[in-house]
Amino acid sequence: MASKRKLEFNPKQKPKRLYLIDGAGFYYRAYYGIRHNLTAADGTPTNATYGFATMFRKIIRDEKPDAIAIALDSREKTFRHEMYPEYKANRDAMPEDLAAQIPYIERVIKAHNVEILKRPGLEADDLLACAAQRAVKLGYDVTIVTGDKDLMQLVTDHVTVLDPLKGKRIDAAAVKERFGVPPELLGDMLALMGDKSDNIPGVPGVGEKTAQALINEHRNLENVLKNADKIKKPKLRQSLIDHAQDARLSRTLVELKTDLDMEMDIDSWQLPEPDAGKLRKLFTELNFKSLLLELAELAESAAEPGLPATRRVVDIGGGKQSEPALPEESPEAPQAKAEYSAVLTQKELKKLCVLLESSKGFAVDTETTSTEPMNAKLVGL
């Protein structure tokens, strides 16, 4: 991990912005959202890794957080399984071709020098909840990047949720508009409803609208259960009486842990510089041509104006792509002895046009994402 400067909190300054990313949410969305025939040269599936890297880098590029961390689930059972063995029992196992990509996804994160929150027996949601609460106490404004409704329980004046798929930021007013209850009562409402995806029982016969009405009338779950005998609808009244313990169990299962016994040096999570050498190596290995070009363009834009960038030739699969050489390259990296250069700016293109006009002849080759003409996208000339 790269060395990091400790951030000092000054209450008179504008709050620092910490982005906490739900890693599982990212890679599942990527896995199901990108075609499954995307592979590296050796046949390794890469659709989830590519989608994850693209989404992850977009958040960093667009949001420009002051600090960032990403939470991942571990494969072990959690304290919720000990409390309720049927917890998530109806879920299918992670697809094998997704499981094979998890190590690569972790390599993407580590190459960006971003903090990974992961601990056996704990879910990513609990790690995010704990980190968010501690960060607010240190003076941060926190954004949790997720599409998971459970994490909306954490929304406050200093914690918002960003849904990366919809591009929508969710504050307390948006939670109230969506669910009909404020964030601090969302857990009570979810406990009444239950959750089929997590196999949380809830109260039979209570859906979202009924749960919303009950919480708004009685203000919290315990008051609903204490006043169950006063409910006018007979079936609902009996269901609440018969399943009161299921509702209390469900409330414990949906509650996010914020008191974890683990160290979190949040002030060290400032947005770091990525390791460009590691990223190039990984993206080359996985044949991520567009991400390799993105790295090259970033390096070009960072070069001092008016000075030509030193270049090397890198094989990115199916051809050679010139990209800027960076200081952190390994000693064994191939050196550019021939006069190769990448044309990435209008100024460089004008110079090339002058050279071509004065030459007796020249050849043009295309670099594409596929050898199939109807599916290929142009990468470069």
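Visitor: Which residue meets Arg178 in a salt bridge?
Guide: The side chain of Arg178 meets that of Glu208, with an N to O distance of 2.8 Å. Please keep in mind that this is a predicted model.

Visitor: Where do Arg178 and Glu208 lie?
Guide: Arg178 belongs to helix α7 (residues 172–179), and Glu208 belongs to helix α9. The pair therefore ties together parts that are 30 residues apart in sequence.

Visitor: Is Arg178 buried, exposed, or partly exposed, and what about Glu208?
Guide: Arg178 has a relative accessibility of 45%, so it counts as partly exposed. Glu208 is partly exposed as well, with a relative accessible area of 30%.

Visitor: Why would such side chains pair at all?
Guide: Side chains of opposite charge can pair when their charged atoms come close.

Visitor: How many salt bridges are there in the whole structure?
Guide: A search of the whole structure finds 18. One of them joins the side chains of Arg17 and Asp66, at 3.9 Å from N to O. This pair links distant parts of the chain, 49 residues apart. Arg17 is in strand β1 (residues 16–22), while Asp66 is in the loop between α2 and β2 (67–71).

Visitor: And how accessible are Arg17 and Asp66?
Guide: Arg17 is partly exposed, with a relative accessible area of 27%. Asp66 also counts as partly exposed, at 33% relative accessibility.

Visitor: What does Asp259 pair with?
Guide: Asp259 forms a salt bridge with Lys257, and their closest N and O atoms are 3.7 Å apart. Asp259 is exposed, with a relative accessible area of 58%, whereas Lys257 is partly exposed at 30%.

Visitor: Which residues are linked in a network of salt bridges?
Guide: Arg80, Lys88, Glu123 and Asp126 are linked in this way. Lys88 sits in the loop between α3 (79–83) and α4 (96–99).

Visitor: Is Asn113 buried or exposed?
Guide: Asn113 is buried, with a relative accessible area of 9%. The cut-off for buried is under 20%.

Visitor: Let us change topic. How are two packed helices described?
Guide: They are described by the angle between their axes and the distance between the axes.

Visitor: At what angle do the axes of α8 and α9 cross, then?
Guide: Helix α8 (residues 183–193) and helix α9 (residues 208–218) have axes that cross at roughly 135° and come within 9 Å. That makes α8 oblique to α9. Their crossing is right-handed.

Visitor: How do α1 and α2 pack?
Guide: Helix α1 (residues 23–33) and helix α2 (residues 47–63) pack at an angle of about 125°, and their axes are 7 Å apart. The two are therefore oblique to each other, and the crossing of α1 and α2 is right-handed.

Visitor: Going back to α9, is Leu214 buried or exposed?
Guide: Leu214, which is found in helix α9, counts as buried at 4% relative accessibility. Leu214 and Ile231 are 17 residues apart in sequence, and their C-alpha atoms are 9.5 Å apart in space.

Visitor: How far apart are Val136 and Leu18?
Guide: Along the chain they are 118 residues apart, and their C-alpha atoms are separated by 9.3 Å. Val136 lies in helix α6 (residues 124–137) and is partly exposed, with a relative accessible area of 27%.

Visitor: Finally, which residues make the nonpolar surface patch?
Guide: Phe362, Val364, Leu378 and Leu381 make a patch of about 500 Å². Val364 is placed in the loop between α15 (346–357) and β9 (367–368). Val364 is exposed, with a relative accessible area of 60%.

Conventions
Residues numbered from 1 in each chain as written. Predicted model: local features only at pLDDT ≥ 70, side-chain atom pairs only at ≥ 80, totals over all residues. Heavy atoms only, no water. Patch = residues over 30% accessible without salt bridge, like charges linked within 9 Å, V, L, I, M, F, W, Y side chains within 5 Å. Areas by Shrake-Rupley, 256 points an atom, 1.4 Å probe, with all protein chains shown as cover. Salt bridge = Lys/Arg side-chain N within 4 Å of Asp/Glu carboxyl O. Helix = DSSP H or I, 4+ residues; strand = E, 2+ residues; numbered from the N terminus. Buried < 20%, exposed > 50% of the residue type's maximum accessible area, 1.4 Å probe, protein only. Axes fitted to C-alpha atoms, helices over the stretch in contact; angles between N-to-C directions. Parallel < 35°, antiparallel > 145°, perpendicular 65-115°, else oblique. Left-handed = near helix turned anticlockwise from the far one by under 90°.
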